[in-house]
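Biologist: I would like to go through this model with you, one question at a time. Shall we look at it together?

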Amino acid sequence: MKKLLAILLTTLLLLSLVACGKDVEDPAGTETGTESSAPAGTTPAPTPDDDESDDKNADDENKGGDEQTPPDSNGATTVELNKDTKGIKYLGVRGILSDSQINCDHSGSGIEFVLQNKASTLTVELTSSDPCRFKVFVNGELTKNDLNEDFHEIFGEGKIELTDLPLGNITVRLVKITDQALATAELTKLTFTGTLRETAPADKDLYIEFIGGAETVGSGISAGDAYAGQDVTKAYSYLLAEALNADYSIISMEAVIADAVAAYELASPERDADAKYGFTRKADMVVVDLGSVDAADTALDANAFAEKYEELLTAIRAKNGEDCKLVCLYTASMGDLSKTVQSVCRQEMGGQQDGVYLCLRNAEGAEFVDDLKAVADAALAGTITERELGTAENGEGMKVNLKEDFVSVKTSNS
């Protein structure tokens with residue numbers, strides 16, 4: 001009897017050891033570890049590859065920039081803003097790119113993006129060196145702040161908070177209306193609920209640069225002093241770019257010609273006095289509005305002004321190519337220097353036949369845009385609108401001798 005019990009115990013022990021050995025060596029061989037053993041109509045347990053695929057799909061669905069946080073408990077996503085953030089178009093063209101922020105310096109600089117919006121609010125975090133104002137347009141409509149003002153004011157660290165946003169696809173355009181001479185700013189984060197389109201709004205076919213002083217950047221165009229009285233969206237520069245559906249750069253030079261060539265080559269002189277702009281995008285047209293401050297300097301020699309003015313126009317052509325059109329503004333308040341500008345453009349630079357056009361600036365902001373647009377349209381089309389004085393045989397609109405004096409005549413669309 002004892003012998004029989006011993007045999008039974010030994011047999012049970014061996015069977016137990018065999019079973020344990022099978023689990024350790026071949027886990028995929030068990031029923032619960034095989035895909036084919038899953039009951040009909042059920043989903044097999046995910047493999048490690050399936051987990052990675054799901055994570056990737058989730059990332060792709062929420063991706064807006066290279067750095068973003070997962071949605072919070074309310075479904076909001078925060079995107080870090082920098083030069084590599086996907087889906088963000090930089091406005092103002094010129095600037096200094098950064099790995100940690102989007103710099104907004106020149107008048108009219110900012111960002112534009114398209115959002116599949118799922119909530120009524122959106123927040124932009126930013127900093128500014130001095131009091132600075134932005135305007136925000138959603139689907140082309142100007143937004144208001146919580147005080148019912150049409151601008152958002154920042155000083156130091158702050159936020160622009162938009163409310164009552166429409167749902168669905170929206171295009172958001174944030175524009176710095178304060179010039180860099182008064183304040184520089186940095187955009188750091190964008191928080192929203194929804195999906196930021198990875199493809200940024202496309203560049204427009206036309207790119208215009210504006211070089212000028214107070215009128216070009218909109219100083220004194222709104223009520224108040226300094227930054228409170230400045231609004232580039234009401235200046236002729238921004239309004240002309242909108243009228244021509246163009247991308248733009250708006251560069252303030254205090255309307256002084258002496259150092260204009262050196263200043264024109266800089267990306268953002270208030271942020272970095274040495275950083276050069278690479279001219280990676282060539283301007284189709286450059287509007288030059290310089291000489292007003294020079295005219296106030298009674299000690300300025302007209303010949304020296306003419307030399308510097310021609311030097312600037314030549315530099316602009318060298319940077320942007322011979323096909324770049326030039327539109328040079330002058331005013332009655334410039335006195336004799338207005339004649340100098342006209343002489344340089346018509347004689348030294350070749351006039352309209354060589355793509356150099358003149359326009360009398362006799363108003364500011366919106367009042368001047370129609371006149372300037374007529375000249376800009378003619379310049380872009382290559383239309384000759386000047387004729388030689390005292391000659392009828394050559395026909396209206398024909399320019400023959402560029403060394404003679406010319407007068408402006410009305411264009412067909414002016």
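Modeller: A definition before we start: exposed means over 50% relative accessible area, buried means under 20%, and partly exposed lies in between. Keep in mind that this is a predicted model.

Biologist: Is Asp-164 buried or exposed, and what is its relative accessible area?

Modeller: Asp-164 sits in the loop between β7 (152–162) and β8 (168–176). Exposed means over 50%. Asp-164 passes that cut-off, so it is exposed, with a relative accessible area of 69%.

Biologist: What is phi of Asp-164?

Modeller: Most residues other than glycine have a negative phi. Asp-164 is not a glycine, yet its phi is positive. The value is near 60°.

Biologist: Which residues of α4 are buried?

Modeller: The helix spans 236–243. Buried means under 20% relative accessible area. In α4, that holds for Tyr-236, Ser-237, Tyr-238, Leu-240 and Ala-241.

Biologist: With which side chain does the side chain of Ser-222 make a polar contact?

Modeller: Ser-222 is in the loop between α3 (214–217) and α4. At 19% relative accessibility, it counts as buried, because the cut-off is under 20%. Beyond four places in sequence, Ser-222 is in contact with Ala-228, Gly-229, Asp-231 and Lys-234. The polar contact, at 3.5 Å, is with the side chain of Lys-234.

Biologist: How far apart in space are Met-253 and Ala-214, C-alpha to C-alpha?

Modeller: Met-253 lies in the loop between β12 and α5 (260–264), and it is buried at 9% relative accessibility. Beyond four places in sequence, its contacts include Ile-211, Gly-212 and Leu-290. Met-253 and Ala-214 are 39 residues apart in sequence. In space, their C-alpha atoms are 8.8 Å apart.

Biologist: How many disulfides does the structure hold?

Modeller: A disulfide is a covalent bond between the sulfur atoms of two cysteines. Cys-104 is too far from Cys-132 for one. For the structure, the count is 0.

Biologist: What is the volume of the second largest pocket?

Modeller: The lining has 17 residues, with Tyr-90, Gly-92, Val-93, Arg-94 and Arg-281 nearest the centre. By class, 7 are nonpolar, 3 polar and 7 charged. β2 (89–91) and β12 (246–252) each supply at least two of the lining residues. The volume is about 290 Å³.

Biologist: Among contacts between residues at least 6 apart in sequence, what percentage join residues at least 24 apart?

Modeller: The protein has 9 helices and 19 strands. Of its 414 residues, 44% count as buried. For the contacts you ask about, the value is 72%.

Note on methods
Residues numbered from 1 in each chain as written. Predicted model: local features only at pLDDT ≥ 70, side-chain atom pairs only at ≥ 80, totals over all residues. Heavy atoms only, no water. Disulfide = S-S within 2.5 Å. 1 Å grid on protein atoms, 1.4 Å probe; cavity = no way out; pocket = protein on both sides within 12 Å on 5 of 7 lines; lining within 4 Å. Points joined across faces, edges and corners; volume = space filled by probe spheres on them. Helix = DSSP H or I, 4+ residues; strand = E, 2+ residues; numbered from the N terminus. Nonpolar A, V, L, I, M, F, W, Y, C, P; charged D, E, K, R; others polar. Buried < 20%, exposed > 50% of the residue type's maximum accessible area, 1.4 Å probe, protein only. Polar contact = N/O pair within 3.5 Å; in protein donor to acceptor, adjacent residues only side chain to side chain. Contact = heavy atoms within 4.5 Å.
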